[in-house]
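Please find below my comments on the model under review. They are set out as numbered points, to be read alongside the sequence and the coordinates.

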Amino acid sequence: MDSSRISLRPFNLTDVDDMMLWAGDDRVTGTIRWKTLTSTEEALTFIKEVCIPHPWRRSICIDDRSIGFVSVFPGSGDDRSRGDIGYAIAVEYWGQGIATNAVKMTIPQVYNDFPEIVRLQALADVENKASQRVLEKAGFIKEGILRKYGYHKGKIVDLVMYSLLSTDFDM
């Protein structure tokens, strides 16, 4: 895929139909905290109430059509030095380097938008090797496995912790 076709932008209400194509797919939402969206109305509400007001959530676009998302949750208070990153893309775009490009595009924007963040971190399910590859290709360092770290959709899971420090990244 030509990386010039990939862009990040804030969500718009007009993304609702495109969002249903990927956020309505259990294969996409199976590894993220979102529940699978089941209707256009639910997707519209999600965009209005969750995506648009989020401190840093962007639509991953191909030719300006939403095919996924990347989010960073900046910490606050004593945790303001770190941000947690998450992402997902439509199944039809898996394995094409698009998620890696989107994460790489996110890094300088987040460090610029949140200068107090010095650590971006990500958690990936130990079974989700594709997500681990995305993070590694984007420059994140694997720190270790957090055993039985938390619940994901009713099941307790082991997660792999990754980080990228602002000093590791050439801005």
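Which of the 50 residues in the largest nonpolar core touch the most other members? The points below begin with this matter and concern a predicted model.

1. Nonpolar core. The residues in question are Met19, Trp22, Ile60 and Phe140, which touch the most other members of the 50-residue core. Helix H4 (residues 98–113) gives the most to this core, contributing 7 residues. Nonpolar side chains tend to be buried together in soluble globular proteins. The contacts of Phe140, leaving aside residues up to four places away in sequence, include Ile85, Val103, Ile107 and Tyr162.

2. Strand E3 and its partners. Of the 10 residues in E3, 7 are buried, and the strand is thus mostly covered. E3 pairs with strand E2 (residues 57–62) in the antiparallel sense over 6 bridges, and Arg58 stands opposite Val70 in E3. E2 and E3 form a hairpin with 2 residues between them; in the turn, Asp63 has a positive phi of about 50°. E3 also pairs with strand E4 (residues 82–89), again in the antiparallel sense, over 7 bridges. In that pairing, Val72 stands opposite Ile85 in E4.

3. Ser66 lies in strand E3 (residues 65–74). With a relative accessible area of 4%, Ser66 falls under the 20% limit and therefore counts as buried. The side chain of Ser66 makes polar contacts with the side chains of Ser59 at 2.8 Å and of Trp22 at 3.4 Å. Among the other residues that Ser66 touches are Arg9, Phe11, Asp15 and Asp18.

4. The side chains of Arg65 and Asp18 meet in a salt bridge, at 2.3 Å from N to O. Because Arg65 belongs to strand E3 and Asp18 to helix H1 (residues 16–23), this pair ties together parts that are 47 residues apart in sequence. Arg65 is partly exposed, at 47% relative accessibility, whereas Asp18 is buried at 11%.

5. Further salt bridges. The structure holds 8 salt bridges. Side chains of opposite charge can pair when their charged atoms come close. Lys35 and Glu42 meet in another, at 2.1 Å from N to O, and Lys35 counts as exposed at 53% relative accessibility. Finally, Arg9, Asp15 and Asp64 are linked in a network of salt bridges.

Note on methods
Residues are numbered from 1 along each chain as its sequence is written. This is a predicted model: local features need pLDDT of at least 70, side-chain atom pairs count only at pLDDT 80 or more; totals for chains, interfaces and linings use all residues. Side-chain values use heavy atoms; hydrogens and water are left out. Helices (H or I, at least four residues) and strands (E, at least two) are DSSP runs, numbered from the N terminus. Buried means under 20% relative accessible area, exposed over 50%, partly exposed in between (1.4 Å probe, protein chains only). A polar contact is a pair of N or O atoms within 3.5 Å; within protein, one must be able to donate a hydrogen and the other to accept it, and residues adjacent in sequence count only if both atoms are side-chain atoms. Contact means heavy atoms within 4.5 Å. A nonpolar core is a set of buried Ala, Val, Leu, Ile, Met, Phe, Trp, Tyr and Cys residues joined through side-chain atoms within 4.5 Å. Two strands pair if DSSP finds at least two bridges between them. A salt bridge is a side-chain nitrogen of Lys or Arg within 4 Å of a carboxyl oxygen of Asp or Glu.
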